[in-house]
Amino acid sequence: MKNKGFIQTFTVLLILACIYQLSFTFKTRGVEKDAQEWAAATGQDANKYLDSIGPMPIYNFLGIKYTYLECKDKEISLGLDLKGGMNVTMEVSVPDIVKSLANNTKDPKFNQAIDNAVSKFNGEQDFIELFKAEWDKVAPGKNLAPLFTNKDLKEELPYDSPNDKVYSWLVEQSKQAVSRAYQIINQRIDQFGVVQPNVQELGNGRILVELPGVKDPKRVRNILQSSAKLEFWNTYANYDSYKFLEAANTVVKNKLALEEAEKEDKGDSTTKGTTLTATEDTGIDSTKKDSAANTLSALNQSGKADSTKTPEQLKKENPILSLIIPNTVEDPETKQQRWADGAGIGFVPTREMETLQAYFDLPEVKKILPPNLLLRWSFKPTDENRAFFMLYGIKAGRDGLPALPGDVVTSARKSVNPNGEIGVSMSMSPEGASDWRRITAQAAPTHDAIAIMLDDKIYSAPTVNNEISNGMSEISGGFNDREADDLANILKAGKLPAPTRIVEESVVGPTLGETARKAGILSLILGFLAVIIFVILYYGRGGMYAILALLLNLFFLVAIMAGYGAALTLPGLAGLVLTMGMAIDTNVLINERIKEELAHGKNYSNAVSIGYKQAFSAIIDSNITTLIGGLIMAYFGSGPVKGFAVVLIIGIFTSLFTGILISRIINEFDMRRGREVTFTTSLSKNLFKNANYNLVGKRKTFYIISSIFIFIGVISMVSRGFSTGVDFKGGWTYTIQFDGDLNSNEIREEINKVITENVEVKTYGTDNQFRITTAYKIDDQNPEVSEEVEATLLKSLSKFNVKKEDILSSSKIGPTIAADVRQESSIAVILAVIGIFFYIVIRFRKVSYGMGGAIALIHDVLAVLTLYTLFWGILPFPMDIDQAFIGAILTVLGYSINDTVVVFDRIREFLGINKFDDQKEVVNNAINQTLSRTVITATSSIITLLVLFLFGGEGLKGFTFALLTGIIIGTYSSIFVASPVVIDLDKKKNKK
C-alpha cells in the first residue's frame, strides 16, 4: 500500500480534530444540564440561565477561551423536528414594493401590468421580469421612469432613463428590501427568548426563520409579520440621563432594602427573590462569570470604579448603576475620563437587560423620572459576542410622539465625502424637510443627538453639527461599507416597509420532538447492532475490518457535520442509519473480491492486494452515482430533506476513506503480525458458490412481470391517484392527540360539519394520534389566519374535548411553496436520471450501458410509484407523495445504480479478457459472479432500513418504506433489467 505513513498520520490528525470538534457538544450539554437543574430549583425558565451565561467563557482549550454562544455554534445542532420549535418561511412582497416605489400611482396601464404580473407570479419566477413583459404588452414603448423618479432620485434615476435601467433599478431596490426585512427579522427574534435561533435568506425574496423551543407561535407570527416602524426622536444628553438614573437607583435600592427587611421580620430566609432581583440569583458559579464585565460594572454613583467592594455588594448598594458601564472616553488634554458625545448612556451586559428593564418599569421609578424620558436599547449589540447593548435616553415630544415619522425619508444611500470618509446621504420630502430644519436648529447649538429608532430600538443616534435647511443630510461616524449600506437601507423602512407574509410554517411541540429523537437514536443503535451481527455471521473475523471501519466512519461523519454546522434532523438520523448500510457495501465489494482470489489459489497477501485493487473501480463508480443523486437532493431539497442529503453526501466520502484506506491499514497490520483471517463462516461458506443461473436467458419473462406490474400501477395512477403530502398541494396539517377509541372516518365527519374544504384524516402512530390536513383558507393573506384556522379546527373537534395543548405539531404550506416543491421535485428526478445516464456512458464508453442503467432507473421509479398508488390508505402508515418521498426516490436511484455498476464493471472486465465470447454468456457469468455481492450489499442496507422502519418512529414510516421497497426493487432491476437490456440494445445495433 503506497503512502501508508501519510494516511496513518492524516488519520491520527483527523481523529484529534474530530475529538476537538465534538468536545464543544459535551461542554454545551453540561451547561444546559446545569440550566435545567437551576430551573428546577428556582421555578424559572432555563433559557434565562442560558441567556445570562451566553457571552461568558465556559471552555478553555489550550489557552483559547470560548463562550457558551461560540460553543453552541460549534456543537452538533438538532433540527426542530427533534427538539421542538417553530420554522417559518417569510416572503417579502415584491409586487407591493414595486407599487410603493411608484408612490402607489393610479396610472391604469401601470396597475394593469402589475395585476397581470401578479396573476402569473407563483413565487418562483422573477417578478420584475414578469412585470417587464406585461408592461411591454399593455404600454409598448412608453417610458416608465416618470412613474418612479422624483427630484431626490434625479441622479440615481433620471426622468429620461430607458426602461432597462428602470428594471435594473427595481431589481436592486427589491434586493435592498429583502435585505432590510432580513435585518429587521434578525433583530426581532431576540424578543422570543430562544437559544440558537437561525435566520437566513433563501433567495427569491424568501427568508427562513428557525426558533427552537418557542412557546407562543401566535406571538411569533404577529411580530414577524408586523410592519417596521421608523421614527426620529430628540434625545437627552447622556450625562443628563445618568443623573435621572442616579435618582432611580436610590428609589430601587430603598425598595429592595425594605423588601429584604420585611422578609427578615417574617423569618422567611428561604423565599426566592422577586422578579426585580431574579437575575441576582442566577445560579451561575462566580468563577464562570465574565471578569471584564464584572470589573466594568463595579461602579459607584459617581461613575468611578470602586475596587474595595465586591460586585455583589455594589449591586446591593447600586442596583441600577452597577449594571451600567458609563459611555465615557479619555479626554486627550486632561487624560481623564469624560462623557462621550451623544445620547448613549452606557453599556449594559446582555444578561442584565431584563433586570434593568424591570427596574425601569416600576411605578416608583416612573414616578420620579421625567415624563418625557424614554429609556431605549440599541438595535444591535455593541460587540461581536453580543455581550453588551447600549442604553439611550430619548426625549418624547408632545403626547409622547416622535419628533418626525420615518416616512418623510424619500431616499438614502451610501456616500463618500472629499476626505474619503464613508457616510450616508439622506433626503426628505418638503414637509419633512421643514420639520427637520426646526429639529436640527434646536439640536445644533449643544450638538444634541437625533435618534433613529426602528421598532422601538435605537439603530443610530448621530449628533447634530449644524442646522439642515434643505432636507439633505449627511450622516457620518466611522462607518465601513457594510454599515453604511445597512443604515441607508434601514432609513428606507419608513417609505418602503417591505411587507412580509408567512408562506410556510411548521410548529413541532416538545413532546413530539422528544419522541422523534428517542425513536431515531434507538433505530440508530439497533441498526448498528444488526449490521454488526450480520457482518460477523457472514464474514466471520474478516468482517471485523468492516466493523472497525464503520465505527470510525460514524465518528468522522458526526464530527464533520458538527464542523460543517449541519443540523441533525429526523431524516438526517435516517441518513446515518442508511450510511451504515452503504458503508458496509464498500467492504462487501472488497471482501467478496478477496474471497474470489483466495478461491483461485492466491496466497493471502496477494488476494488482499488484488481484492482492494480490483474492487476499487466498482466502489468509486457506485459511490459517484449515489453522490449525483445526493447533490441534486441537496440543491433542490429544503429543510429535513436537505438535512438527509447532507448526511448522505458526507457519509459517501467518510465511507470511502474508512472502507478503502482504514480497513486496509488494519488488515495489513494484522498481516505483519502473522494473522490471516477467513472471510467465510459455516453459514456463508457455500452460499452463492458456483452460482450458474440462466438469468439472461429468462430475461423476457422478467420483462413481462415488470411490465404487467407497472401497467397495473399506471392504471391506478390514472384512476386512483396518489395521497399527496401537504408540501405538494398546499394546506394546513395538524398532528393531534385524541382520547378514547376513535377512527379517522368519525373524526372527518365531525370536522366536515364545520370545514368542508378537502379534509383528510389519517392515523399517525398507534397512540391514538391522528394527522389532519385541510386546504381551509390557505389562500387567505390575513396575518391572523393561522389562529383562525386553528380555532375553527378546535371548534369542529369540541365533541372529542380536544384542546390547544393536544396539538402536537402543525404546519402550513402556501400555494406558491407547494408549486415550487412540485416543479423542483420533477426536475430533480429527471436531472438525476440524466446525470447518471451520462456518467455511465462516459465511464463505460457505450451508450447501451447508459441506456440500460437509465431504463432500470425509470423502472424503479415507476415500480415504487405503483406501490404507493396501490396501497395508500390500505397500509397503516402515511404513504404520501411529498418532498421526503422525492428524497427517498433520489436515494434509491443512486443506490440502485450501485449494483448495476458492479455488474457492468464485471461485464467490462470479462469482455476485456474474452472479447470474442458470446455476449449473453459473458453477461450471464458476470451477473452470477457478482450475485453474492449484489445480494449481500442489498441485505446490509435492507437490515438497517427495516430496523429504521420498525423503530424509527411514525414520522419516518412513509419515507423509510420508500427507501426499503426502492432498494429491493433496485436490486431486482440490477439483476433482471439493466444488464439484459444492454444485451438487447447491442443486439439490435449489431443487426442494423
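Student: How many aromatic pairs does a search of the whole structure find?
Tutor: This is a predicted model, in which local features need pLDDT of at least 70, side-chain atom pairs count only at pLDDT 80 or more, and totals for chains, interfaces and linings use all residues. Residues are numbered from 1 along each chain as its sequence is written, and side-chain values use heavy atoms, leaving out hydrogens and water. Rings of Phe, Tyr and Trp (its six-membered ring) pair if their centres lie within 6.5 Å; planes under 30 degrees apart count as stacked, over 60 as edge-to-face and the rest as tilted. By this rule, the number of aromatic pairs found is 37.

Student: Are the planes of the pair Phe-24 and Tyr-66 stacked or edge-to-face?
Tutor: The ring centres of Phe-24 and Tyr-66 are 5.0 Å apart.

Student: How many residues apart are Phe-24 and Tyr-66?
Tutor: Helices (H or I, at least four residues) and strands (E, at least two) are DSSP runs, numbered from the N terminus. Phe-24 belongs to helix H1 (residues 4–42) and Tyr-66 to strand E2 (residues 64–67). The pair thus links distant parts of the chain, and its members are separated by 42 residues.

Student: Is Tyr-66 buried or exposed?
Tutor: Buried means under 20% relative accessible area, exposed over 50% and partly exposed in between (1.4 Å probe, protein chains only). Phe-24 is buried, and Tyr-66 is likewise buried.

Student: What is the angle between the planes of Phe-738 and Phe-770?
Tutor: These two residues form an edge-to-face pair, 5.5 Å centre to centre. Phe-738 lies in the loop between strand E21 (731–737) and helix H25 (744–752), whereas Phe-770 lies in strand E23 (residues 769–774). Both Phe-738 and Phe-770 are buried. The angle between their planes is 90 degrees.

Student: Why does Leu-890 count as buried?
Tutor: Leu-890 is located in helix H29 (residues 883–913). Contact means heavy atoms within 4.5 Å, and, apart from residues up to four places away in sequence, Leu-890 touches Gly-629, Ile-632, Met-633, Ala-828, Val-829 and Ala-832. Leu-890 counts as buried because its relative accessibility is 3%.

Student: Which helix holds Met-561?
Tutor: Met-561 is buried, with a relative accessible area of 3%. Leaving aside neighbours within four places in sequence, Met-561 is in contact with Ala-566, Ala-567, Leu-568, Val-647 and Ile-650. The helix in which Met-561 is found is H19 (residues 544–564).

Student: How much space lies in the largest cavity?
Tutor: On a 1 Å grid over the protein atoms alone, a cavity is a set of points where a 1.4 Å probe fits but cannot get out, and lining residues have an atom within 4 Å of a point. Points are joined across faces, edges and corners, and a volume is the space filled by probe spheres set on them. The count comes to seven cavities of 30 Å³ or more. The space in the largest cavity is about 170 Å³.

Student: Which residues that line the largest cavity are closest to its centre?
Tutor: The lining of this cavity has 16 residues. The closest to the centre are Met-582, Asp-585, Ser-622, Asn-623 and Asn-898.

Student: Which element gives the largest share of the lining of the largest cavity?
Tutor: The elements giving two or more residues to this lining are helix H20 (570–599), helix H21 (604–636), helix H22 (639–672) and H29. The largest share, five residues, comes from H20.

Methods: 1 Å grid on protein atoms, 1.4 Å probe; cavity = no way out; pocket = protein on both sides within 12 Å on 5 of 7 lines; lining within 4 Å.
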